[in-house]
Amino acid sequence: MATPEQTLKHKVYRGMKEYLVISFYLWIILALFVLYNSVILSQRGIPFAAHGFALLNALALGKVMLVARELHFAERLEEKPLIYPTLFKSAAFAAILGIFKIIEEVLVGVYHKRSISESIALVGGGTLKGIFTMMLLLGVLLIPFFGFAELGREFGKEKLNQLFFIRRHPVEGPS
């Protein structure tokens with residue numbers, strides 16, 4: 001029988017592992033956004049290289065996602081076919097991350113003595129269309145993440161890990 005200390009260690013280990021996976025996935029997404037921005041701006045002769053912010057944002061937003069998951073955010077479609085919870089969670093978490101990105105920019109702007117409107121202008125070009133486009137892109141990019149999470153919930157994380165990282169032949173699904 002596991003002692004409370006072993007259980008706590010296991011929870012902390014599992015939580016850290018999950019946090020690192022989420023943060024790594026977000027870092028890839030955000031780093032691609034930064035890379036794309038730098039390509040677009042370089043075409044206009046504007047140097048841009050804020051690649052370190054992608055990692056910091058990924059770590060912060062990873063924590064937001066982990067807390068939201070622990071609070072069972074967006075778990076109302078769990079019994080529906082996998083496409084429904086996958087798309088719902090992708091959209092819901094894109095909205096959460098977008099809102100936190102706006103809040104972050106406003107707080108950084110306040111620190112640098114910028115107005116709220118100047119700070120929001122840094123998110124998606126400052127237009128409602130730009131902000132929604134950013135959230136839509138984020139939602140689409142979260143689909144694989146939540147798709148794999150839903151598959152892991154259905155088949156078991158161990159079987160999914162075996163399929164992707166250990167062996168190539170199919171594993172029987174749930175009966």
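The legends below describe close-up views of a predicted model.

Residues are numbered from 1 along each chain as its sequence is written, and side-chain values use heavy atoms, with hydrogens and water left out. Local features need pLDDT of at least 70 and side-chain atom pairs count only at pLDDT 80 or more, while totals for chains, interfaces and linings use all residues.

**View 1. Phe73 in the loop between helix H2 and helix H3.** Helix H2 spans 51–70 and helix H3 spans 83–111; helices (H or I, at least four residues) are DSSP runs numbered from the N terminus. Phe73 is partly exposed, because its relative accessible area is 30% (buried is under 20%, exposed over 50%, partly exposed in between, with a 1.4 Å probe and protein chains only). Leaving aside residues up to four places away in sequence, Phe73 touches Ala68, Ala92, Phe93 and Ile96, where contact means heavy atoms within 4.5 Å.

**View 2. The aromatic pair of Phe73 and Phe93.** Rings of Phe, Tyr and Trp (its six-membered ring) pair if their centres lie within 6.5 Å; planes under 30 degrees apart count as stacked, over 60 as edge-to-face and the rest as tilted. By this rule there are 7 aromatic pairs. Phe73 and Phe93 are edge-to-face, because their ring centres are 5.3 Å apart and their planes stand at 85°. Phe73 lies in the loop between H2 and H3 and Phe93 in helix H3, so the pair ties together parts that are 20 residues apart in sequence. Phe93 has a relative accessible area of 0% and is therefore buried. One aromatic cluster is formed by Tyr25, Phe73, Phe93, Phe145 and Phe146.

**View 3. The aromatic pair of Phe148 and Phe164.** This pair is edge-to-face, at 4.9 Å centre to centre and 80° between the planes. Phe148 belongs to helix H5 and Phe164 to helix H6, so the pair ties together parts that are 16 residues apart in sequence. Phe148 is partly exposed, with a relative accessible area of 37%.

**View 4. The largest pocket.** On a 1 Å grid over the protein atoms alone, a pocket is an open set of points where a 1.4 Å probe fits, with protein on both sides within 12 Å along at least five of seven lines; lining residues have an atom within 4 Å of a point. The volume is about 1100 Å³, taken as the space filled by probe spheres set on the points, which are joined across faces, edges and corners. Of 31 lining residues, Asn37, Lys101, Glu105, Leu122 and Val123 are the closest to the centre. Helix H1 (4–43), H2, H3 and helix H5 (128–155) each supply at least two lining residues, and H1 gives the most, with 7. The lining holds 21 nonpolar, 6 polar and 4 charged residues (Ala, Val, Leu, Ile, Met, Phe, Trp, Tyr, Cys and Pro are nonpolar; Asp, Glu, Lys and Arg are charged; the others, Gly among them, are polar). Lys101 lies in helix H3 and counts as buried at 18% relative accessibility.

**View 5. The second largest pocket.** This pocket holds about 800 Å³ of space. Its lining has 20 residues, with Lys17, Val21, Lys157, Leu160 and Asn161 nearest the centre. By class, the lining has 12 nonpolar, 2 polar and 6 charged residues.
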